[in-house]
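Work through the exercises below with the sequence and the structure open. Each task is followed by a solution in steps.

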Amino acid sequence: MTSVFIGYLQSSCISCFHSPTHCWNRKKVLYSSPFVSFRRCIPSKSSLSARKQRILATGETVIVFGGSGRLGRRVVGELVKQNYRVAAGGRNLERTKQVIQERIDVAHKSNLLEYFEWKATERTSWFQKWSPDAVKAVVAVIGASGNSLLDITQPYKIDYLGNKQLIDATKAWNPNCPFILITSLGTGKPFTGFPTALLNLYGGILYWKRKSERHLIQSGLPFTIIRPGGLERAQDDFGVNHKVRLYPADTQFSGSVSRLQVAQVIADAISNPDLSRGKIVEVTALYGAKEIPLHDQWKRIPVWVE
Ligand SMILES: NC(=O)c1ccc[n+]([C@@H]2O[C@H](COP(=O)([O-])OP(=O)(O)OC[C@H]3O[C@@H](n4cnc5c(N)ncnc54)[C@H](OP(=O)(O)O)[C@@H]3O)[C@@H](O)[C@H]2O)c1
């Protein structure tokens, strides 16, 4: 009997008391003598990440307005990669589902995804279905589309009124909910920052984006504002030769970056609120530059003072 007990002590963990047959973690020997030894489990990296994944998968939802867009669907993809639950909104439910499912291995991730139909011109009551505690962040990645270039009221209606309505609805629902707003390089100097200021020829788009930024800042919601450079030329493989750079507000007026890279910055901002909260960041990618972890780059961006 005594020898069985000593044998169990020899091989079990002093922390969880699991013998090797019950616990697959490696064990570190803390003390060893000819009669007895004490060991402690060292959870493997994979079991730690599995635990983290379970916590995330059961708890935290990110709501993405504009999830059907070319940037939005990549944001959804990056978030589910990190095992967040994601609620993705677009104007047409079926199309939203389709464009997102084309990007994501739904077989593995479908339990993390839900979709909803939403139009910027309508008041939103979407928040009522979530408990404020269960939502990690709201992302607004909507924008007047290139398909509507002839209607110059679109930037006012979507980039300003649409975002304003989302900000107001979020604040009424949970004034502590982090809100991530996507605008554009040049938004801080809509009429004097060249060449980006030329974008204003389309319905004053940078002017309206700046109004929505101001509205968010003044709302008191915890915010992060992300201003990407030009997205049209860079494909998803842009990051192979071009490394992402984060800059403080009102310093960049040209440059490109891929939608995938911006989506990664957005997901990183959500996962690291202590580094990203209260900041306006401009994002481009540099050819031939070396990779710098986003974590280090966020640290160099000052908190915005209006
Ligand atoms: N293109 C660039 O070079 C560039 C550069 C810097 C910043 N940005 C900004 O980055 C953001 C995303 O750009 P993107 O290229 O991904 O745009 P996109 O593909 O055109 O996506 C725009 C999103 O906004 C949604 N939207 C448009 N009108 C709406 C309305 N009335 N109600 C609800 N949703 C509406 C679209 O929904 P549907 O799918 O239903 O149409 C779509 O999800 C925009 O704010 C854009 O201005 C773009």
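**Exercise 1: helix 6 and helix 7**

Helix 6 and helix 7 pack with their axes 8 Å apart and at an angle of about 10 degrees. The model is a predicted one. Classify the orientation of helix 6 and helix 7, then list the residues that make the contact and sort them by class.

Solution. 
Step 1. Angles under 35 degrees count as roughly parallel. With an angle of about 10 degrees, helix 6 and helix 7 are therefore roughly parallel to each other.
Step 2. From helix 6, the contact uses Pro155, Tyr156, Asp159, Tyr160, Asn163, Lys164, Ile167 and Lys171. Helix 7 contributes Ile205, Trp208, Lys209, Lys211, Ser212, His215, Leu216 and Ser219.
Step 3. Sorted by class, the contact of helix 6 with helix 7 holds 7 nonpolar, 4 polar and 5 charged residues.

**Exercise 2: helix 3 and its two partners**

Describe how helix 3 (residues 70-81) crosses helix 8 (residues 259-271), and how helix 3 packs with helix 4.

Solution. 
Step 1. The axes of helix 3 and helix 8 come within 8 Å and cross at roughly 50 degrees. An angle between 35 and 65 degrees is neither roughly parallel nor roughly perpendicular; helix 3 and helix 8 are therefore oblique to each other.
Step 2. The crossing of helix 3 with helix 8 is right-handed. On the helix 3 side the contact is made by Arg70, Leu71, Arg74, Val75, Gly77, Glu78 and Leu79; on the helix 8 side, by Arg259, Leu260, Val262, Ala263, Gln264, Ile266 and Ala267.
Step 3. In this contact of helix 3 with helix 8 there are 8 nonpolar, 2 polar and 4 charged residues.
Step 4. Turn to helix 4: its axis and that of helix 3 are 9 Å apart, at an angle of about 55 degrees. Helix 3 and helix 4 are therefore oblique to each other, and their crossing is right-handed.
Step 5. Arg73, Val76 and Gly77 of helix 3 meet Val99, Ile100 and Arg103 of helix 4. By class, the contact of helix 3 with helix 4 has 3 nonpolar, 1 polar and 2 charged residues.

**Exercise 3: the shell around the ligand**

How many residues surround the ligand, and which are the closest? Which element gives the largest share of the shell?

Solution. 
Step 1. The ligand is surrounded by 25 residues, the closest being Gly69, Leu71, Arg91, Ala120 and Gly143.
Step 2. Helix 3 and helix 6 (154-173) are the elements that give two or more residues to this shell.
Step 3. The largest share, 3 residues, comes from helix 3.
Step 4. By class, the shell around the ligand has 9 nonpolar, 12 polar and 4 charged residues.

**Exercise 4: backbone details in two loops**

Solution. 
Step 1. The peptide bond from phenylalanine 194 to proline 195 is cis, with omega near 10 degrees. Proline 195 lies in the loop between strand 7 and helix 7 (205-219).
Step 2. Asparagine 83 is not a glycine, yet has a positive phi of about 70 degrees. The loop between helix 3 and strand 4 holds asparagine 83.

Conventions: Residues numbered from 1 in each chain as written. Predicted model: local features only at pLDDT ≥ 70, side-chain atom pairs only at ≥ 80, totals over all residues. Axes fitted to C-alpha atoms, helices over the stretch in contact; angles between N-to-C directions. Helix = DSSP H or I, 4+ residues; strand = E, 2+ residues; numbered from the N terminus. Parallel < 35°, antiparallel > 145°, perpendicular 65-115°, else oblique. Left-handed = near helix turned anticlockwise from the far one by under 90°. Contact = placed C-beta atoms within 7 Å. Nonpolar A, V, L, I, M, F, W, Y, C, P; charged D, E, K, R; others polar. Near = placed C-beta within 6 Å.
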